[in-house]
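Biologist: Walk me through this model. I will ask how to read each feature, and you show me the case.

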Amino acid sequence: MSERRIGVWLIGAWGGVATTVVVGLTALKHRLTDTVGLVSAMPQFANLDLADWDELVIGGHEIRDTNFATEAAQLHKQSHVFSEAWLSKLADELQAIDARVKPGTLHGVGAKIESLAGTPARQFLSETPGAAVDRLARDMDRFRKDNSLDQVIVVNVSSTEPPVDDSVRSLNWTTVEQQLKTGGPCPLPASSLYAIAAFRHQFPYVNFTPSVGTNLVALEEYAQQQNVVHVGRDGKTGETLMKAVLAPMFANRNLRVMSWVGHNIFGNLDGKVLDDPENKANKVRSKDHLLTEILGYKPQTLVSIEYIESMGDWKTAWDHIHFQGFLGTPMVLQFIWQGCDSLLAAPLVIDLVRFTEREARRGGSGIMGHLSSFFKSPMGCEEPAFALQFEQLLAWAKDVSGK
Ligand code: NAD
């Protein structure tokens with residue numbers, strides 16, 4: 001029996017993805033389910049000594065006032081996921097994890113996300129960004145101490161923030177540090193403040209959302225200074241995964257893609273937040289840049305994301321690809337992807353925790369480019385094609401296992 005204890009600190013702890021991570025990990029611990037959907041459970045990664053389910057302890061930050069049982073029951077009722085028997089069997093454990101969820105920060109999240117917040121998070125509305133980082137860092141470190149953890153992996157699975165100004169991207173760490181110290185205004189959004197809090201204690205940070213997180217000059221500098229690993233952005237779970245697989249096929253057959261239209265409909269809380277044009281801009285950008293990178297030219301593209309409440313957590317993406325074949329002949333590929341959003345995302349979050357913990361344990365630092373196959377807008381990777389990104393993960397695994 002291993003003596004390792006690893007914390008998983010979820011930002012957005014009571015959201016759909018996080019709740020599914022918690023239910024999934026608890027079910028895995030009790031051997032109620034198999035490992036289908038988990039990349040890290042594939043034989044290629046079997047000898048990496050990755051963290052086992054029993055070693056993972058969960059906590060997190062949240063801004064809404066709810067709990068895991070309510071959120072899991074809602075997913076079950078509206079989207080027909082999880083078994084009712086499991087939920088009653090796991091109820092006590094879910095309640096114990098609720099106690100480790102602390103109020104998050106609303107700094108720089110925009111009006112749409114702020115409107116979701118409950119009283120515990122609202123009481124910190126007037127806090128300066130510097131004070132917010134101090135408080136968030138304290139929560140994370142207390143979690144480590146109270147649970148005797150060897151490591152804490154911080155994962156951002158909170159709602160998508162509006163994009164930041166370009167001027168914020170080029171700020172250096174000295175300027176940001178000064179802004180936080182003096183208690184003045186700081187233009188960094190919550191996703192970045194959480195990362196600063198994590199880095200303060202040398203905790204790795206994974207950004208599963210399109211929010212900017214650590215994808216800033218200042219944060220990359222701070223990560224280097226703290227010798228800590230990080231990665232992002234935006235989990236590649238459905239339609240964009242299909243694009244990353246299919247676009248190389250058109251490129252490698254010299255078929256010219258003239259237009260690629262993708263319409264997405266879904267009805268969960270993420271969809272509700274993305275219904276706001278400010279928040280949606282970040283997601284559309286993340287879904288749209290890939291084709292030009294893979295094809296080497298820009299076809300006409302359209303990405304639409306619409307909130308349709310009755311769909312719940314089930315997303316339908318309909319893609320229409322109009323391409324030109326030999327002798328100028330126009331042809332069409334259409335596909336329909338119907339996936340349950342949180343059930344696609346949660347295993348990848350668990351994979352990212354296990355791979356990140358392993359890289360940190362072997363002394364890695366900086367951006368983990370080898371995890372690019374998990375992200376729509378991967379940091380530290382120029383290669384946009386899924387198959388080649390996956391090769392990078394396999395190469396890393398070989399290196400770690402010394403084979
Ligand atoms: P969700 O809306 O169900 O959950 C987000 C949670 O974050 C909510 O509980 C919300 O209250 C909380 N939150 C918002 N702002 C916060 C803050 N500043 N601090 C702490 N908590 C905060 O969304 P979801 O479906 O769980 O998705 C989570 C994120 O993952 C979204 O950004 C989404 O775009 C991204 N993502 C999801 C998928 C997928 O589900 N397939 C794929 C890629 C990316």
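Biologist: Start with the sheet. What is the order of the strands, and how do they pair?

Modeller: Strands of a sheet pair through backbone hydrogen bonds, either parallel or antiparallel. Here four strands form an open sheet in the order β8-β7-β9-β10, with mixed pairing. Two strands count as paired if DSSP finds at least two bridges between them. Strands are DSSP runs of E with at least two residues, helices are runs of H or I with at least four, and both are numbered from the N terminus.

Biologist: What should I know about the source?

Modeller: This is a predicted model: local features need pLDDT of at least 70, side-chain atom pairs count only at pLDDT 80 or more, and totals for chains, interfaces and linings use all residues. Residues are numbered from 1 along each chain as its sequence is written, and side-chain values use heavy atoms, leaving out hydrogens and water.

Biologist: In which sense does β7 pair with β8, and in which with β9?

Modeller: β7 (residues 256-266) and β8 (residues 300-307) are parallel, over eight bridges. Isoleucine 265 stands opposite glutamate 306 in β8. With β9 (residues 314-324), β7 pairs in the antiparallel sense over nine bridges. There, serine 259 faces histidine 322, and tryptophan 260 has isoleucine 321 as its bridge partner.

Biologist: Now helix packing. How do α1 and α15 cross?

Modeller: Read distance, angle and hand. The axes of α1 (residues 16-29) and α15 (residues 341-361) come within 8 Å and cross at roughly 65°.

Biologist: Which residues make the contact?

Modeller: Contact means heavy atoms within 4.5 Å. From α1 come Gly16, Val17, Thr20, Val21, Leu25 and Leu28, and from α15 Ser342, Leu343, Ala345, Ala346, Val349 and Ile350.

Biologist: Next, α10. Which of its residues are buried, and which exposed?

Modeller: Buried means under 20% relative accessible area, exposed over 50%, partly exposed in between (1.4 Å probe, protein chains only). In α10 (residues 217-226), Ala218, Leu219, Tyr222, Ala223 and Gln226 are buried. They cover an arc of only 135° around the axis, so they share one side of α10. The arc is that of the directions from the helix axis to the C-beta atoms. Gln224 and Gln225, on the other side, are exposed. The cover over the buried residues includes α8 (173-182), α9 and β6 (229-232). After α10 comes asparagine 227, with a positive phi near 60°.

Biologist: Where does serine 191 lie?

Modeller: In helix α9 (residues 190-200). Serine 191 is buried, with a relative accessible area of 1%. Beyond four places in sequence, serine 191 touches Asn156, Glu161, Tyr205, Ser211, Val212 and Gly213.

Biologist: Is methionine 379 buried or exposed?

Modeller: Buried, at a relative accessible area of 4%. Methionine 379 sits in the loop between β11 (366-367) and α16 (386-401). Glycine 232 is 147 residues from methionine 379 in sequence, yet 5.8 Å away in space, C-alpha to C-alpha. Other contacts of methionine 379 include Thr214, His230 and Ile367.

Notes: Axes are lines fitted to C-alpha atoms, for helices over the stretch in contact, and angles run from 0 to 180 degrees between N-to-C directions.
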